[in-house]
Amino acid sequence: MGHEGVGFKSGSTRSGLPTTRSRVPRGRQIQKTFNNVKITVLCGFVTLLVLRGTIGVGNLTGSTLESEDQRVVEDIDRILREIRTDSEPEPQDPLSSLYFANSTAHNWTYAEAVEAVNYSLGPKISDWDQQRQVWLSQNPNFPNRLLGKHRILLVTGSPPNPCDNAIGDHYLLKSTKNKIDYCRLHGIEIVYNMAHLDKELAGYWAKLPLIRKLMLSHPEIEWIWWMDSDAFFTDMAFELPLEKYKNHNLIIHGYPDLLFEQHSWIALNTGSFLFRNCQWSLDLLDAWAPMGPKGIVRELAGKILTANLKGRPAFEADDQSALIYLLTSQQDKWMSKVYVENSYYLHGFWAGLVDKYEEMIEQNHPGLGDERWPFVTHFVGCKPCGSYGDYPVERCLSSMERAFNFGDNQVLRLYGFAHKGLVSPKIKRVRDQTSDPLQVKEKLDMAARITM
Amino acid sequence: MLERCIGERRLRQIQRGVQNMKLTFLCLLLTLLVLRGTIGAGKYGTPQQDFIELRQRFISHPHRALAEQNQPEPKPKKSDKDDEPPLRSLNDPYSLGPKISDWDSQRADWIHRHPERPNFLTKTKPRVLLVTGSSPKPCENPVGDHYLLKSIKNKIDYCRVHNIEIFYNMALLDAEMAGFWAKLPLIRALLLAHPEVEFLWWMDSDAMFTDMAFELPWERYAPYNLVMHGWDEMVYKDKNWIGLNTGSFLLRNCQWSLDLLDAWAPMGPKGPVRTEAGKILTKTLKDRPVFEADDQSAMVYLLVTQKEKWANKVYLESAYYLHGYWGILVDRYEEMIENYHPGLGDHRWPLVTHFVGCKPCGKFGDYPVERCLKQMDRAFNFGDNQILQMYGFTHKSLASRRVRRVRNETSNPLEVKDELGLLHPDFKAVQHHAS
């Protein structure tokens, strides 16, 4: 395909060269044009072939597995976006109408805001203890003790929409399995909440109306145990020492010196605590709730809390800070019935625990519940469900996997299995099968040392 | 200058040669490209793959995030291959475990020694363990885990109301029996480890409770050891592979069940055993497509070929939806709400809506993803409404995650009974011991 093939149709005679027209006969010209067309068609055909091979021209390729894949993935993306967006508008700040009714220059104080919102968890009940006693005596089939033990209801939950980060749902699932296992071993009922019962008390405050509602609906339940969805049971043999709490109504993990001397905002942890089902608890919930309503109340309350609690960053009021503030400012009213527990990890901050699991397996055994074998490992700040946590994602996820497997080993042990390593989802047999399984079961001790 | 060295004619020859070479190379390149595009060049990849790679690199994907986080194991992949069991040959029989022949007496002894864990909670109500599970790895589909979470919440709710214990399995106990067969070694391990359990209720992770008020008719099952949803004629006469469903069934904890599991298992082991068994099943059973042996077809085959041995203890339940195929149920929920009420368990208000074929955890199911997920939401809300009404709430609609109040708070909460009576139902009552 040299230069000869390309027709050089030039009408211009500026160059002074004789025109090609006069030199080349007609027939030759037509042949040349024909050749050009042939070559163009050939090139075009080759281009089409190459394109077909590379990108695939729609129906010409037919559906290969990979294009199916792409289509499904795109579908899922679109559906995910649909599922995540809520067609309904966010509920309004209850004070926004008042806000603009008066002049915008009005500076609300916290007290004013609370009074204006006039939030209440429900109609005031003053005789809950009696109501409950009467009901229990009338319903012997729903006693508040089973096999001598007070009935406990474990309450946890998560938002109703898919996590922003898909892996978050996977760890919610594992956390739920973990709770199901512990509760099955200890005869505890579970309520998993996915409903926003009260628009105003959304977020971390959502547990308050939920706890109240469950208390009032289930008089046969003696203890309501709230547990965050990012907390894992890591001691399956540990039993709550309920006799210790005979005279108390709120059991919460914390440190008295941090609470009373330093007024630290992390003196107590509301990620795992127990409320007795009684009048005192209803009263405490009523006293706790006022800082919760979304909007101006929560913001102003946040400022008060930051000013009064040591180490608290500036952000809206959270339930934990509010409880600490309440208990320290009304010490005489409440503290006699509050048990600040730190002899075992009713809540165990994960960062100091997760790297020690192998050491614990080697040196200790389940059933201790404390720093030797933590009862609960709580992944505060990890937020695997959301987009932003306070810690690197990779560290959080691998630590959660380890905590889960650490607890799961204690369950699998009953069936003769264990995880291949604390990071591995795979399991291996650690006890041979036998034709006399019940002999083995009789000798099995949940608190015995674990061999990996 | 070159001209002077070589000579004009020579130069022109060389020039022409070079042009020919250029042409040749160009054509060769084109040919290679076309061949790569059509046939593919093995490990050098096809242009399709290039395209996909480029796409993935430039478009961030939830999958990628998942795939990246899916590598918690620091060990190289080689070790994974090492624990793959060698494929069982056809003449090497599989066994679920050492043969036990006196399970009934072993179990009776144990129950006698442990009166604090009786196998019957009341005269008629047995202790039941609901068993379900999913893979310990994150779902390939980014929303799959969310639906697994909703599904387990749904089961937690039903079981709390009906006083049933739950075991959520995430462990593959026997690598040979992977896939749908994984339930067999699990069921056996659970039966043997929990003698206090009278009935084991296996339920798939893609099945949801949609009738929270329906209590299983335990007295009806007193003479039987295996209860599955299905029809006698479809199984014994028609030999139809969907004559029964193993997505939701009850198995009594007794010697008979251990023997049944032993008889059921042989078609399960991965590899040539499963493939060959699949061929036998397709040949024998009606309408069965060609694929490896699955536990459901194997059960039909077992009942059909060994009817005298097993059938008298097997109850094929069709009076209510112990398993309800979702396709014929989900569009009728509004109609059901209007005309019927919970507690019926049957076509009027199904106990279980089972999303067969949806596979929300994987990438591909037999049905369009959108329909499956939207309907799963509806089924979930349909069941959840019955739980929420205990506390005075309901979903704003069957498609909405939001709830609204339907019963005001009161200062006398114990005088209010929830409409369905699920707060303190008879079937949850503890046997009253006269002390």
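Begin by selecting B:T210, a buried residue with a relative accessible area of 0%. The model on the screen is a predicted one. B:T210 belongs to the loop that runs between strand 4 (207–209) and strand 5 (226–230) of chain B. Next, display its surroundings: leaving aside residues up to four places away in sequence, B:T210 touches B:Y333, B:W349, B:P350, B:L351, B:V352, B:T353, B:A379, B:F382, B:G383 and B:Q386. Why is B:T210 classed as buried? The class applies because its relative accessible area, 0%, falls under 20%.

Now turn to the interface and colour the two chains separately. Here 100 residues of chain A are in contact with 98 residues of chain B. Together the two chains bury about 8900 Å², and 64% of this area is on carbon and sulfur atoms. Select A:L173, A:Y415 and A:L438: these residues supply 7% of the area that chain A buries against chain B, more than any other three residues.

For the charged pairs, select A:K213 and B:E409. They form a salt bridge, in which the closest N and O atoms are 3.2 Å apart. Across the interface of chain A and chain B there are four salt bridges, and 24 residue pairs are in polar contact.

Finally, select the elements of chain A that touch chain B. Those giving two or more residues include helix 2 (26–54), helix 7 (166–186), strand 4 (189–193) and helix 15 (393–412) of chain A. Which helix gives the largest share of this side of chain A? Helix 3 of chain A does, with 16 residues. By class, the side of chain A that touches chain B has 53 nonpolar, 20 polar and 27 charged residues.

Key
Residues are numbered from 1 along each chain as its sequence is written. Chains are lettered from A and ligands numbered from 1 in the order in which they are written. This is a predicted model: local features need pLDDT of at least 70, side-chain atom pairs count only at pLDDT 80 or more; totals for chains, interfaces and linings use all residues. Side-chain values use heavy atoms; hydrogens and water are left out. Contact means heavy atoms within 4.5 Å. Buried area is the accessible area (1.4 Å probe) that two parts lose on being put together, summed over both. A salt bridge is a side-chain nitrogen of Lys or Arg within 4 Å of a carboxyl oxygen of Asp or Glu. A polar contact is a pair of N or O atoms within 3.5 Å; within protein, one must be able to donate a hydrogen and the other to accept it, and residues adjacent in sequence count only if both atoms are side-chain atoms. Helices (H or I, at least four residues) and strands (E, at least two) are DSSP runs, numbered from the N terminus. Ala, Val, Leu, Ile, Met, Phe, Trp, Tyr, Cys and Pro count as nonpolar, Asp, Glu, Lys and Arg as charged, and the others, Gly among them, as polar. Buried means under 20% relative accessible area, exposed over 50%, partly exposed in between (1.4 Å probe, protein chains only).
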